[in-house]
Amino acid sequence: MDRGRRGADLWRRDLRPDRSGRTQAACGGEGDGRASVRQRFQSGKHNAFNLENYIITQFGKALGNAEEDAFLNGDGTGKPLGIFAETGGGQTAVTLSGVKLGTDDILTLIYALKRPYRKNASFILNDQTLAAIRNQAGEPDRICGYEVHTSAYAPALEANKAVMAFGDFSYYNIGDRGTRSVQILRELFAGNGMIGYVAKERVDGKLVLPEAVQIMKAGASA
């Protein structure tokens, strides 16, 4: 994926902690997003704790997970337009007869991609999908000789859903606007003896050449 030109719509992640203080991610309809971390302080006991490193790590994980999900599954409304989006994502090249796939289906997907794009092509799929076809993969982390990228956010093998993407993902452009900002919330959590930190960022993503990525989709279940 190329962090270059921005797509049509700008998106900002909405990342919020749950009641236990863990950071969670979601997308706001208005595109106004944030990442939040809360830290409890006890006088004289936190000096050895590297708070700066903790905050950076938590923000990095939360923002990275939200980006990965959106760049794969975003529908372009208040978020990026993902690779698996039904409109504006990759082109559907193979539709299975059900939810079982074999070597012939994978080969059909590979050769549905035009030759110029196959030179730098790779797969993106769910870990469970890869496990289901592991005996057809040939060699570790490759399917029919092509590199494989797995993601927990890639669609699972389910009826009428996308199964995997194959193509040259350098044609997926990611655009950052501005820099990440961090705000300290001293009053909001003061009653609990905590200080809150909120990070904001804006980014967009779009597949600028849909024919560069081919999608396999499952059919109706038997």
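**Figure 1. Confidence and overall make-up of the predicted model.** pLDDT is the predictor's confidence in each residue, on a scale from 0 to 100, and a contact means heavy atoms within 4.5 Å. This is a predicted model, in which local features need pLDDT of at least 70 and side-chain atom pairs count only at pLDDT 80 or more, while totals for chains, interfaces and linings use all residues. Residues are numbered from 1 along each chain as its sequence is written, and side-chain values use heavy atoms, with hydrogens and water left out. The mean pLDDT of the protein is 79, and 75% of its residues reach 70 or more. Over residues 5-33 pLDDT stays under 50, and for this stretch the model has 87 contacts beyond four places in sequence. Where pLDDT is low, the predicted coordinates should not be read in detail. The protein has five helices and twelve strands, where helices (H or I, at least four residues) and strands (E, at least two) are DSSP runs numbered from the N terminus. Buried residues make up 42% of the 222 residues in the protein; buried means under 20% relative accessible area, exposed over 50%, and partly exposed in between (1.4 Å probe, protein chains only). Of the contacts in the protein with a separation of 6 or more, 71% are accounted for by residues 24 or more positions apart.

**Figure 2. Close-up of the largest nonpolar core.** A nonpolar core is a set of buried Ala, Val, Leu, Ile, Met, Phe, Trp, Tyr and Cys residues joined through side-chain atoms within 4.5 Å. The largest one has 21 residues, and those with the most contacts inside it are L101, I106, F123, L125, I143, M164 and M216. Two or more residues of this core come from each of helix 2 (103-112), strand 5 (122-125) and strand 9 (162-167). A second, separate core of 15 residues includes L72, F169, Y172 and L207. In soluble globular proteins, nonpolar side chains tend to be buried together.

**Figure 3. Close-up of strand 9 and its two pairings.** Strand 9 is mostly covered, six of its six residues being buried. Two strands are taken to pair if DSSP finds at least two bridges between them. Strand 5 and strand 9 run antiparallel and are joined by four bridges, with I124 standing opposite A165 in strand 9. Strand 9 is also joined to strand 12 (residues 213-217) by five bridges, again in an antiparallel arrangement, and the bridge partner of M164 in strand 12 is M216. Not counting residues up to four places away in sequence, M216 touches V94, L96, L101, D105, I106, L109, A162, V163 and M164.

Figure 4. I133 lies in the loop between helix 4 and helix 5 (134-137), and I133 is buried, with a relative accessible area of 3%. With residues up to four places away in sequence not counted, I133 touches L101, I106, L125, I143 and M164. I133 and T103 are 30 residues apart in sequence, whereas their C-alpha atoms are 8.5 Å apart in space. N126 lies in the loop between strand 5 and helix 4 (127-132) and is buried, at a relative accessible area of 5%. Leaving aside neighbours within four places in sequence, N126 is in contact with S151, A152, A154, P155 and A156.

Figure 5. In C144, a residue other than glycine, phi is near 55 degrees, a positive value. C144 is found in the loop between strand 7 (142-143) and strand 8 (146-150), and at 31% relative accessibility C144 counts as partly exposed. N160 is likewise a residue other than glycine with a positive phi, near 65 degrees. The loop that holds N160 lies between strand 8 and strand 9, and N160 is partly exposed, with a relative accessible area of 46%.

Figure 6. The 23 residues of helix 1 (residues 51-73) should span 33 Å at 1.5 Å a residue, and the end C-alpha atoms are 33 Å apart, which agrees; the expected span is 1.5 Å times one less than the number of residues. In helix 1, the residues L51, I55, F59, A62, L63, A66, E67, A70, F71 and L72 are buried. R180 is found in strand 10 (residues 172-185) and is partly exposed, with a relative accessible area of 46%. Apart from neighbours within four places in sequence, R180 is in contact with L63, E67, K200 and E201. R180 and R202 are 22 residues apart in sequence and 7.7 Å apart in space, C-alpha to C-alpha.
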